[in-house]
Amino acid sequence: MFTPVESSFGAFLLHLSTTHLLLGNGRVLGASGMLGSAFWKPDGHNIPLLAGMGISALGTLYFDAWWKPSYAGTPEVFGKWTWVVCGLLVGVGTKYSNGCTSGHMLCGIPLGRLRSVVAAVTFSATSVITATIAGAYTASPCGSTPCYTPIYPTADRIRQLIAITATATAITYTSLPLLRKLPQRTAEIITSVWSGALFSLGLMIAGMTDPTKPLGFFSMITDGGRRWDPSFLMIPIFGLLPNFLVWRRSVGKADAAPRGGWKMHMRKDIDMKLIAGSALFGVGWGLLGVCPGPGIVGGYLGGWKGASWVLGFVLGRY
C-alpha cells in the first residue's frame with residue numbers, strides 16, 4: 001500500500017546519510033561499489049559503511065522495530081535460484097554501469113551528472129518493463145484494495161518518526177565541524193559508520209528494503225494500475241531534491257572540501273557499456289525488487305535468501 005508519510009521520512013534520512021558522507025569524507029555513497037569492493041578490497045571506507053548498515057539493520061532484531069523489512073511473498077521467477085540469479089544480474093549490471101540507485105540516482109543526479117541521468121532513466125525504464133512482462137505476482141499483494149490507496153501511520157508512529165529524524169538531523173550537521181577536530185582517519189571512520197547506519201535506517205523506514213515495495217511501483221499498468229504503489233516517488237522528492245539544494249552550495253568547492261579532499265569520480269562519457277549495464281541491472285531489479293542498498297540490508301536480515309542475493313551479486317561483480 002501507498003505509505004507517503006513513512007516513505008517521506010525514510011527518504012529524508014537517505015538525504016542525511018549521503019550528505020554526511022559527501023561533506024565529511026568527500027565521497028559519494030554508492031551501495032554497489034561499497035559491497036562489490038568490500039569482499040576483494042576491504043578498506044577504511046567500505047568496511048565502516050557496511051558495519052554502520054549492519055548496526056542499524058541488526059538493531060531491528062533487538063528493538064523489534066516496526067520498520068524491519070518483510071521478505072514474505074517475494075516472487076520466485078527462477079524458483080529457489082531467484083535470489084542468486086537476480087543478485088548476479090544486478091552485480092554484473094552495476095559493474096558495467098559503475099553505479100546503482102544510490103550512486104547514480106540519489107547522488108549522481110544532484111551532482112549534475114548527465115551520465116547518471118542516462119543510467120537512472122535506463123534502469124528505471126527497464127525495471128518497469130521487466131516487472132510488467134514477468135508478472136511478479138499472481139495476485140495483488142494489496143488484495144481487493146488498489147495499492148495506490150494511501151495509508152497513514154498512527155499518531156505514536158508519527159511522533160517516533162519526527163523524533164528519529166530530528167535527532168538524526170541534529171547529529172548529522174553538528175557532528176561535521178566536531179569531527180574535524182579529531183585525527184583525520186578516526187573522523188573518516190566515524191563518518192562512514194554514521195552514514196551507513198542512517199542509510200540502512202532510511203531504506204527500512206521508507207519501505208524500500210521490502211521487495212514488494214519497489215515491485216509495486218514498477219507495476220504501473222498491471223491490472224489497470226490497481227497494483228501501483230507510488231511510495232517510491234517520495235525518494236526523489238525528499239531525498240534527491242534536498243541533496244541538490246544542499247550540495248550545490250558547497251560540493252566541489254575548494255573552501256568547503258573535507259580534509260582528504262573531494263574524492264568524486266566525474267566521468268562524463270556515455271557509451272553502450274553504461275546503457276547495457278544499467279539495463280541489465282534494471283532486469284535484475286525488476287524481477288525481484290532488490291537493488292544493492294536493500295540487498296545489503298537483506299544480507300543481514302533476509303536469512304538464506306538475503307545471503308544468496310549477496311553471493312550472486314559478488315560473483316556478478318567479478
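Select helix α7 (residues 155–179) and helix α8 (residues 184–206), which pack at an angle of about 160° with their axes 12 Å apart; α7 and α8 are therefore roughly antiparallel to each other. This is a predicted model, in which local features need pLDDT of at least 70 and side-chain atom pairs count only at pLDDT 80 or more, while totals for chains, interfaces and linings use all residues. Residues are numbered from 1 along each chain as its sequence is written, and side-chain values use heavy atoms, with hydrogens and water left out.

Helices here are DSSP runs (H or I, at least four residues), numbered from the N terminus. Axes are lines fitted to C-alpha atoms over the stretch in contact, and angles run from 0 to 180 degrees between N-to-C directions. Angles under 35 degrees count as roughly parallel, over 145 as roughly antiparallel, 65 to 115 as roughly perpendicular and the rest as oblique.

With α7 and α8 still selected, display their side chains. Leu161, Ile164, Ala168, Ile171, Thr172 and Leu179 of α7 meet Ala187, Ile190, Thr191, Trp194, Leu198, Leu201 and Ile205 of α8, where contact means heavy atoms within 4.5 Å. By class, this contact of α7 with α8 has 11 nonpolar, 2 polar and no charged residues. In this classification Ala, Val, Leu, Ile, Met, Phe, Trp, Tyr, Cys and Pro count as nonpolar, Asp, Glu, Lys and Arg as charged, and the others, Gly among them, as polar.

The axes of α1 and α7 come within 10 Å and cross at roughly 10°, which makes α1 roughly parallel to α7. Residues of α1 in this contact include Phe9, Phe12, Leu16 and Leu23, and those of α7 include Leu161, Ile164, Ala168 and Leu179. The contact of α1 with α7 divides into 13 nonpolar, 8 polar and 2 charged residues.

Next, select helix α2 (residues 31–38) and helix α12 (residues 292–301), whose axes lie 8 Å apart at an angle of about 45°. That angle makes α2 oblique to α12. Ala31, Ser32, Met34 and Leu35 of α2 make the contact with Pro292, Gly293 and Ile296 of α12.

Centre the view on isoleucine 296, in helix α12. Isoleucine 296 counts as buried at 5% relative accessibility; buried means under 20% relative accessible area, exposed over 50%, and partly exposed in between (1.4 Å probe, protein chains only). Not counting residues up to four places away in sequence, isoleucine 296 touches Ala31, Met34, Leu35, Leu50 and Met53. Isoleucine 296 and methionine 34 are 262 residues apart in sequence, yet 9.7 Å apart in space, C-alpha to C-alpha.

Move to histidine 104 in helix α5 (residues 101–108). Histidine 104 is buried, with a relative accessible area of 4%, and its side chain reaches the backbone oxygen of serine 97 at 2.8 Å. Leaving aside neighbours within four places in sequence, the contacts of histidine 104 include Asn98, Arg115, Phe123 and Leu274.

From there, select asparagine 98, in the loop between α4 (82–97) and α5. Most residues other than glycine have a negative phi. Asparagine 98 has a positive phi of about 55° although it is not a glycine, and is partly exposed, with a relative accessible area of 47%.

Finally, select aspartate 223, in the loop between α9 (212–218) and α10 (234–247). Aspartate 223 also has a positive phi of about 55°, and counts as partly exposed at 43% relative accessibility.

Definitions and conventions. Helices (H or I, at least four residues) and strands (E, at least two) are DSSP runs, numbered from the N terminus. A polar contact is a pair of N or O atoms within 3.5 Å; within protein, one must be able to donate a hydrogen and the other to accept it, and residues adjacent in sequence count only if both atoms are side-chain atoms.
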